[in-house]
Amino acid sequence: MNLKLIADVSKSLLLARWKQTLVAAIGVTFGITMFITLLSFMSGLNDMLDGLILNRTPHIRLYNEIQASEQQPVDLYPAYKNHHNFVRSLKPKDELLQIHNSAPIIEALKKDSRVLGVAPKITAQVFYNVGSIDLTGVINGIDVEEENRLYFFSTYVTSGNYIDLKNTPNSIVLGKGAAEKMMAAIGDVIQVTTSKGERFQLKVVGYFQSGISDIDKVQSYANLNTTQKLLGESTGYITDIQVKLYDILQAPKMAKELHNKFNIEAIDIQTANSQFETGSSVRTLISYAVGVTLLIVAGFGIYNILNMMIYEKMDSIAILKATGFSGNDVNKIFITIALSIGIFGGALGLLFGFGLSALIDQIPFNTASLPTVKTYPINYNPRFYMIGGVFSLVTTYMAGYFPSRKASKIDPVVIIRGK
Amino acid sequence: MSNIILEAKKITKFFHDPLTVQVLKEISFSINRSEFVSVIGKSGCGKSTLLYILSTMDTDYEGELYIDGVAMRNRKEAELAKVRNEKIGFVFQFHYLLNEFSVLKNVMLPGLKLGKYSDKEVEHRAMEKLKILGIDNEALKNPNQLSGGQKQRVAIARALINDPLIIMGDEPTGNLDKKNSEIVFNIFQELASAYHQSLLIVTHDNEFAAKTKRIIEMEDGNIIRM
């Protein structure tokens with residue numbers, strides 16, 4: 001009832017002191033703007049830094065470790081089964097890094113509903129031959145398309161086209177650092193020596209830049225077939241199976257499960273890169289804390305202005321009550337004033353926050369380690385806008401609550417008789 | 001239908017701060033429809049206090065109060081606000097107009113709050129009331145552009161907007177000069193005779209009171225003449 005009238009009275013009171021109102025609204029606007037900008041920027045940076053490692057790291061990596069067998073023959077022999085056996089000078093079994101039965105394992109993983117994708121990989125130790133000098137290097141044999149789909153391979157290929165790696169036989173994408181050392185241009189043919197001493201010629205189709213220069217000096221990419229040929233292995237030879245899941249949080253549990261199921265080593269991303277998660281969550285926490293502080297300060301501004309308004313408008317409140325407005329109506333009027341400041345200031349804040357984020361998004365940010373990043377990273381997550389909007393309303397409501405209650409409790413007799 | 005519109009039964013009131021003082025001592029009286037009553041007495045005799053109790057704004061009293069035959073004791077604040085809105089019109093010593101609104105809007109506010117008529121009708125009625133009081137030309141001005149006498153007339157128009165059962169005035173001419181007091185009194189007189197409006201006016205102006213139909217005189221919290 002009477003909502004229109006209450007809105008009308010609120011509007012008049014607001015506009016009567018429009019400068020104060022504006023200051024209060026600007027407080028909220030500033031708070032929300034900074035809240036949005038800070039979170040967008042911080043979370044953009046977080047995503048970028050995490051992406052640097054996490055995007056390229058498989059959620060679960062299956063591989064064979066060169067290690068001694070867990071069960072030695074003596075343990076299997078029935079006569080000594082219950083004895084405590086000591087075996088000295090143990091050597092690892094003569095076993096290749098190859099994953100046995102890789103094809104059925106990949107098939108099984110692809111059928112798993114938790115798995116987003118599976119990319120097989122071969123790691124081969126090589127020497128890059130530069131004249132008479134040999135540089136150590138690693139060639140990763142990859143399934144180009146899967147690698148790109150799951151780990152955004154193309155973003156790190158800064159020159160040349162990544163798909164040439166698949167289409168051109170005996171091709172290689174060289175690490176940027178390695179390419180510089182070898183002075184190999186795209187289209188050149190380079191020579192590598194495998195660990196078994198065989199020489200091999202590969203055509204450079206692109207440069208690869210990961211953002212970590214030590215890696216770029218050593219690593220190169222070739223497709224699976226080329227690498228298998230390089231190593232003189234059959235087409236079934238695979239040393240790593242990289243698994244990407246829909247839900248990264250499932251990784252530790254699933255790694256354990258895969259280890260037991262396929263009897264190979266399985267390491268999950270959380271174990272391999274635990275420091276990243278800690279870093280990002282702390283940074284996010286700090287941005288939220290600063291944003292919320294700004295809004296609370298804005299809330300105190302509104303509280304002050306409403307309090308002053310109520311002192312100024314004592315007479316008006318008294319006569320409204322004398323002529324039939326109830327305490328509840330007066331309360332609603334002042335809550336409406338507070339919320340209007342919140343809605344107006346908050347909406348502007350969201351808008352300005354978006355604008356400022358967009359502006360930061362345009363600022364050039366060139367760093368040698370991040371070839372794919374040209375401007376400061378911004379995360380336009382709608383969640384920040386929702387939180388900002390809701391929070392501006394909540395703070396202004398809280399700021400308006402106590403002054404409004406005070407206004408509703410004003411006794412008109414005291415005011416009117418006091419004159 | 002009873003002719004009594006307002007009835008006070010043994011109304012007693014204490015002030016507790018700083019000392020407990022009894023300001024009203026078992027006041028009983030009633031006012032009939034279309035009566036023009038003035039309450040006089042020396043200052044401090046409790047006449048204003050009585051008025052605020054009768055107006056339902058002061059709820060801290062003993063005794064019974066009936067407005068239009070309905071008991072006002074132990075009612076909720078919102079209910080009392082509704083009674084004031086619908087049945088009582090106020091004119092105070094000070095005009096209490098809201099400077100944020102035009103004269104017309106000031107008059108309309110209690111009508112809009114009542115919500116009995118549409119906004120258009122309320123506006124029309126407000127213009128009529130202003131016409132009765134001869135200030136319809138000032139309708140769109142701001143209250144602070146008017147003279148003291150004009151402001152008080154706007155306040156009277158505001159009191160009339162919901163066709164109240166009774167108009168209560170607390171020294172409505174207290175701030176006005178002789179000429180304006182005269183005008184305000186004549187308006188009250190006209191409301192009483194031509195529109196059969198009931199009025200209860202507290203005043204210390206004996207000349208003003210002498211011209212009303214009925215005088216209630218108070219002294220030390222008692223009625224000594226009615």
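**From domains to a helix pair**

Modeller: Start with chain A. Its domain assignment gives domain 1 (3-54 + 276-417) and domain 2 (60-83 + 90-272); such bounds come from an automatic or database domain assignment. The C-alpha centres of these two domains of chain A lie 52 Å apart.

A word on the ground rules. This is a predicted model, where local features need pLDDT of at least 70, side-chain atom pairs count only at pLDDT 80 or more, and totals for chains, interfaces and linings use all residues. Residues are numbered from 1 along each chain as its sequence is written, while chains are lettered from A and ligands numbered from 1 in the order in which they are written.

Now chain B. 24 of its residues are in contact with 22 residues of chain A (C-beta atoms, placed from the backbone, within 7 Å). Helices H1 (47-54), H2 (77-87) and H3 (103-114) of chain B each give two or more residues to this side (helices are DSSP runs of H or I, at least four residues, numbered from the N terminus). H2(B) gives the most, with 6 residues.

H3(B) also meets helix H5 (residues 148-160) of chain B: their axes come within 7 Å and cross at roughly 30°. Axes are lines fitted to C-alpha atoms, for helices over the stretch in contact, and angles run from 0 to 180 degrees between N-to-C directions. H3(B) and H5(B) are therefore roughly parallel (under 35 degrees). H3(B) brings B:Val103, B:Asn106, B:Val107 and B:Pro110 to the contact, and H5(B) brings B:Val154, B:Ala157 and B:Arg158.

Notes. Contact = placed C-beta atoms within 7 Å. Parallel < 35°, antiparallel > 145°, perpendicular 65-115°, else oblique.
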